[in-house]
Amino acid sequence: MKKITQIICILLTVTSMSAQQEKGIMGYNNWLNNWTEFKPNKVDYGEANQILAGNISVNTKLMKRNIYVLQGNVYVTNNAVLTIEPGTLIIGDFETKGTLVVTKGAQIVADGLETDPIVFTSNRSQKKAGDWGGLVILGDAPINKFGNVGSYNLDLDPTLTTYGGDNVAGNSGILRFVRIEFAGKKVKGMDSFNGLTVAGVGNKTIFENVMVSYSGGDSFAFFGGDLNATKLVSYKSINDDFKFTQGVQCRLYNSLAVRSSYLSSNKDGSRCLEVKTYEKKNETDFTKKTTLVVASNITMLNDSENIKADIQAGLVKEAIYIAETASLEMKRSVISGFNPAVLLDSKTEINDASLKKIKFEEMYFNLCNGNIFTEYNSNNEDLESWYGNSVFFNVYSQSDNKETFIDIFNPKKPDFRLQLGKITASSGNR
């Protein structure tokens with residue numbers, strides 16, 4: 001079993017009228033065990049003995065007994081299925097910006113095991129965020145761009161990177177017990193790749209137990225489509241942990257985002273969750289669905305020794321940003337150590353219609369410099385009063401992260417032991 005160098009566990013008890021107990025991110029069983037790795041730069045993955053390059057146009061299986069190097073832009077095309085055995089290692093090439101693209105109509109079946117995950121990582125001896133491209137999955141589910149078609153090209157082949165269609169139940173395959181490390185390479189004169197980019201993907205696709213660590217771009221980026229995702233982990237991304245845009249309809253459960261004041265970018269536009277309806281307004285068909293994210297049991301944590309000092313130094317921004325017309329419904333989740341917890345787009349009108357689309361219930365807001373603000377507005381009393389109403393059972397606290405989250409790793413010992421943090425609070429208290 002891999003040594004887990006950091007596990008963040010929480011048991012959140014919210015006392016409501018029904019005295020309901022919420023399990024928080026981990027429940028009674030720690031789903032982070034075995035398959036995650038919080039210090040991937042310390043792992044010796046070995047040398048590649050097989051090359052992946054060009055187009056994969058027929059059904060292909062990658063075997064655990066090999067170590068593969070991903071050279072340049074590799075496309076799964078022609079409705080082919082790329083199957084990856086549990087325990088297989090794929091190494092992204094730094095020099096050629098190794099990138100794996102699953103084109104529309106094709107599938108990836110990367111179905112790992114808790115004790116034998118599939119790993120995508122860097123081939124550099126000193127691994128850093130942005131060493132290689134990333135994993136891109138394109139489908140035929142609806143998006144809200146005119147013509148229902150988008151293109152994710154950066155420096156990719158534009159004829160192979162279209163996405164979008166009418167198939168809500170599209171199936172682009174399986175990602176389960178998969179780690180993606182040190183991806184997100186910057187493209188000269190353009191943007192960065194993401195650890196995992198999912199565009200126009202339908203709800204028959206499976207996303208479970210996927211960890212993206214040290215991405216140079218976003219960890220997870222969802223462009224349109226209709227999908228379910230559970231047990232996703234974003235660890236110390238440079239940009240967003242989870243980005244939602246182009247009318248995506250997403251149900252996200254039991255997931256974790258850990259940011260760092262010094263590694264994660266503190267520039268505007270870098271958050272745990274960024275929820276937008278569009279990237280370019282003039283390309284958006286507003287007769288189609290706006291972005292909707294329904295999320296529960298999400299833990300968003302800024303990993304810092306002194307959060308208040310980091311906030312004063314300008315190193316910490318908001319955890320969640322919600323742009324105009326986008327909707328977020330979040331329940332039973334934790335936001336700890338941000339400035340503020342949530343920021344609404346300045347174009348969002350604060351009225352009944354807007355507040356019905358932006359819901360926070362049974363939340364634990366901890367150690368945040370403000371809870372729910374409107375962008376560029378110094379007076380947010382109405383929002384604080386609204387979401388502080390006892391009917392929502394939201395909890396506000398200023399507990400130190402060391403009390404709230406238990407870091408169980410002891411570097412002096414070769415193994416670990418599980419401890420459980422417990423918070424008890426009355427709903428609605430500030």
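This report looks at confidence, strand pairing and aromatic rings in a predicted model.

## Confidence

The protein chain has an average pLDDT of 86. At least 70 is reached by 85% of the residues. Where pLDDT is low, the predicted coordinates should not be read in detail.

## Strand E12 and its partners

Strand E12 covers residues 118–122, and five of its five residues are buried. E12 runs parallel to strand E9 (residues 89–92), joined by four bridges. Here Ile90 has Phe120 of E12 as its bridge partner.

E12 also pairs with strand E16 (residues 173–181), again in the parallel sense, over three bridges.

## Aromatic pairs

The structure holds 16 aromatic pairs. One of them joins Tyr152 and Phe223: the centres are 6.0 Å apart and the planes are at 50 degrees, so the pair is tilted. Tyr152 lies in the loop between strands E14 and E15, while Phe223 is in strand E19, so the pair ties together parts 71 residues apart in sequence. Tyr152 is buried, at 9% relative accessible area. Phe223 is buried at 9% too.

Phe222 and Phe244 form a stacked pair, 5.3 Å centre to centre with 15 degrees between the planes. Phe222 sits in strand E19 and Phe244 in strand E21, so this pair links parts 22 residues apart in sequence. Both Phe222 and Phe244 are buried.

Ring pairs also link a cluster, with Phe360, Trp386 and Tyr396 among its members.

## Charges over Phe94

Which charged ends sit over the ring of Phe94? Arg124 places its charged end 3.9 Å from the ring centre. For Lys185, the distance is 3.7 Å.

Conventions: Residues numbered from 1 in each chain as written. Predicted model: local features only at pLDDT ≥ 70, side-chain atom pairs only at ≥ 80, totals over all residues. Heavy atoms only, no water. pLDDT = per-residue confidence, 0-100. Buried < 20%, exposed > 50% of the residue type's maximum accessible area, 1.4 Å probe, protein only. Helix = DSSP H or I, 4+ residues; strand = E, 2+ residues; numbered from the N terminus. Pairing = 2+ DSSP bridges. Phe/Tyr/Trp six-rings, centres within 6.5 Å; stacked < 30°, edge-to-face > 60°. Lys NZ or Arg CZ within 6 Å of the ring centre and 35° of its normal.
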